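Here is a short report on one protein chain.

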Amino acid sequence: MKKFVKILNLCLCYAVFVAALFIFLNLNISADIEMIQNLSEITPELLIEIEKEFEAEPQPDYESEKTIIKKHQTEKKIIKKFKPIIYEPTDLKSKNVPILMYHTSSEKEPAGLRGLYVKPSEFEKQLQYLTDNNFTFCTFDDYYNLNNIEKPVIITFDDGYKENYTEIYPLLKKYRAKITIFLALSSIRPSNITQNMIVEMNKSGLVKFESHTNTHPSLSAISSNNARLTDELLNSKLKIEEITGRKVLALAYPNGEFNEAVKQKTKEFYLFGLRKDLGMHNTIYDNYEIRRIRIDRNTPLETFKKLVG
Ligand SMILES: [Zn+2]
């Protein structure tokens with residue numbers, strides 16, 4: 001009897017196993033059949049439709065894209081190559097800094113130049129005053145260190161006149177005063193400021209050359225011509241760096257004219273953009289709208305003293 005029950009149990013187990021196996025296989029076969037049915041729905045006509053849709057996707061214009069990327073990389077390389085290493089921008093605390101704007105100098109004034117020629121004797125009195133009152137002569141190389149300088153003053157001369165060499169440079173040597181010349185490349189000619197003069201003044205360490213563009217155009221007026229704008233800003237910077245071997249950090253907008261496009265382009269190549277007036281600058285103001293104090297032939301010493309603060 002016991003033997004019979006054992007055989008019956010085995011038979012039941014076998015039956016359950018066979019039934020489970022059948023159900024499992026049957027389900028899988030159904031899935032396969034369904035998949036085959038779906039595949040059969042992709043007709044040759046449908047395949048053509050799908051291919052057409054794929055082709056209709058906008059394909060990139062590889063030629064122009066490559067050109068743009070290449071140009072971009074070249075510009076980035078230039079910026080990287082000339083990126084100042086020791087002048088990394090840092091946040092500055094509020095500090096007034098007189099940034100004086102001159103042009104040139106002579107005892108006699110050529111006609112019709114609206115006081116651009118400051119008398120050398122007057123400029124000397126101004127240097128004497130700054131020296132006696134413990135001002136420190138700075139350039140834009142010192143900008144991010146201005147918070148650590150008690151009484152900084154930045155003296156700038158625009159355009160690049162030969163009198164910067166014949167009249168001003170001897171006084172700089174006498175007073176050990178540093179100035180910045182914003183040079184327009186078109187000013188370099190045998191009858192005006194020469195490359196030799198620039199090299200000599202640069203070598204003295206008393207004159208830092210920065211950019212005033214190639215040809216002194218109104219940058220606002222040419223701002224819609226991106227190639228021209230880039231050339232005026234980038235070529236002048238690279239040429240001055242080539243002559244002086246020093247980083248050009250600042251651009252003085254010719255006639256102080258700029259707009260948003262000019263400002264954005266200036267940011268690509270320079271750390272600073274300078275206006276031509278508006279008075280005392282403060283280190284918390286916009287670096288691309290740096291203010292200057294105009295000093296000309298008609299500025300009396302007493303006024304000068306008030307202007308520098
Ligand atoms: Zn100018």
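## Helix packing

Helix H4 (residues 120-132) meets helix H5 (residues 163-175): their axes come within 10 Å and cross at roughly 25°. The model is a predicted one. Angles under 35 degrees count as roughly parallel, and H4 and H5 are therefore roughly parallel to each other. Their crossing is right-handed. On the H4 side, Pro120, Phe123, Glu124, Leu127 and Thr131 make the contact; on the H5 side, Glu167, Ile168, Leu171 and Tyr175 do. By class, the residues of the contact of H4 with H5 are six nonpolar, one polar and two charged.

An α-helix has 3.6 residues a turn, so residues three or four places apart point the same way. With that in mind, look again at the H4 list, which includes Pro120, Phe123, Leu127 and Thr131.

Next come helix H8 (residues 226-244) and helix H9 (260-269). The axes of H8 and H9 come within 10 Å and cross at roughly 30°. H8 and H9 are therefore roughly parallel to each other. The crossing of H8 and H9 is right-handed. From H8, the residues in contact are Leu229, Thr230, Leu233, Leu234 and Lys237; they meet Val262, Lys265, Thr266 and Phe269 of H9. The contact of H8 with H9 divides into five nonpolar, two polar and two charged residues.

H4 also packs on H10, at an angle of about 40° with the axes 11 Å apart. That angle makes H4 oblique to H10. H4 passes H10 in a right-handed crossing. Lys125, Gln126 and Tyr129 of H4 make this contact with Leu301, Phe304 and Lys305 of H10. The classes are three nonpolar, one polar and two charged residues.

| Helix pair | Crossing angle | Axis separation |
|---|---|---|
| H4 and H5 | roughly 25° | within 10 Å |
| H8 and H9 | roughly 30° | within 10 Å |
| H4 and H10 | about 40° | 11 Å |

How many of the eight residues of H10 are buried? The count is zero, and helix H10 (residues 301-308) is hardly covered. Gly309 follows H10, and its phi is positive, near 80°.

## Tyr169 on H5

Tyr169 lies in helix H5. Is Tyr169 buried or partly exposed? A residue needs 20 or more other C-beta atoms within 10 Å to be buried. Tyr169 has 19 C-beta neighbours inside 10 Å, so Tyr169 counts as partly exposed.

Leaving out residues up to four places away in sequence, Tyr169 touches Asn164 and Met201. Ser204 is 35 residues from Tyr169 in sequence, with 9.8 Å between their C-alpha atoms.

Most residues other than glycine have a negative phi. Two residues in this chain are worth checking against that.

Asn255 has a positive phi, near 55°, and is not a glycine. Asn255 is found in the loop between strand E9 (250-252) and helix H9 (260-269). Asn255 counts as partly exposed because 14 C-beta neighbours lie inside 10 Å.

Leu278 is the other case. Its phi is positive too, near 85°, in a residue other than glycine. Leu278 lies in strand E10 (residues 272-278). With 14 other C-beta atoms within 10 Å, Leu278 is partly exposed.

In soluble globular proteins, nonpolar side chains tend to be buried together. Here the largest nonpolar core has 54 residues. Which residues have the most contacts inside this core? They are Leu100, Val153 and Ala250.

Take Ala250 in more detail. Not counting residues up to four places away in sequence, Ala250 touches Phe140, Glu210, Tyr270, Leu271, Phe272 and Leu274.

Now the totals. The chain holds ten helices and twelve strands. Of its 309 residues, 28% count as buried. Among contacts in the chain with a separation of 6 or more, 66% join residues 24 or more positions apart.

Definitions and conventions. Residues are numbered from 1 along each chain as its sequence is written. This is a predicted model: local features need pLDDT of at least 70, side-chain atom pairs count only at pLDDT 80 or more; totals for chains, interfaces and linings use all residues. Axes are lines fitted to C-alpha atoms, for helices over the stretch in contact, and angles run from 0 to 180 degrees between N-to-C directions. Helices (H or I, at least four residues) and strands (E, at least two) are DSSP runs, numbered from the N terminus. Angles under 35 degrees count as roughly parallel, over 145 as roughly antiparallel, 65 to 115 as roughly perpendicular and the rest as oblique. A crossing is left-handed if the near helix is turned anticlockwise from the far one by less than a right angle, and right-handed if clockwise. Two residues are in contact if their C-beta atoms, placed from the backbone, lie within 7 Å. Ala, Val, Leu, Ile, Met, Phe, Trp, Tyr, Cys and Pro count as nonpolar, Asp, Glu, Lys and Arg as charged, and the others, Gly among them, as polar. A residue is buried if 20 or more other C-beta atoms lie within 10 Å of its own, exposed if 12 or fewer, and partly exposed in between; C-beta atoms are placed from the backbone. A nonpolar core is a set of buried Ala, Val, Leu, Ile, Met, Phe, Trp, Tyr and Cys residues joined through C-beta atoms within 7 Å.
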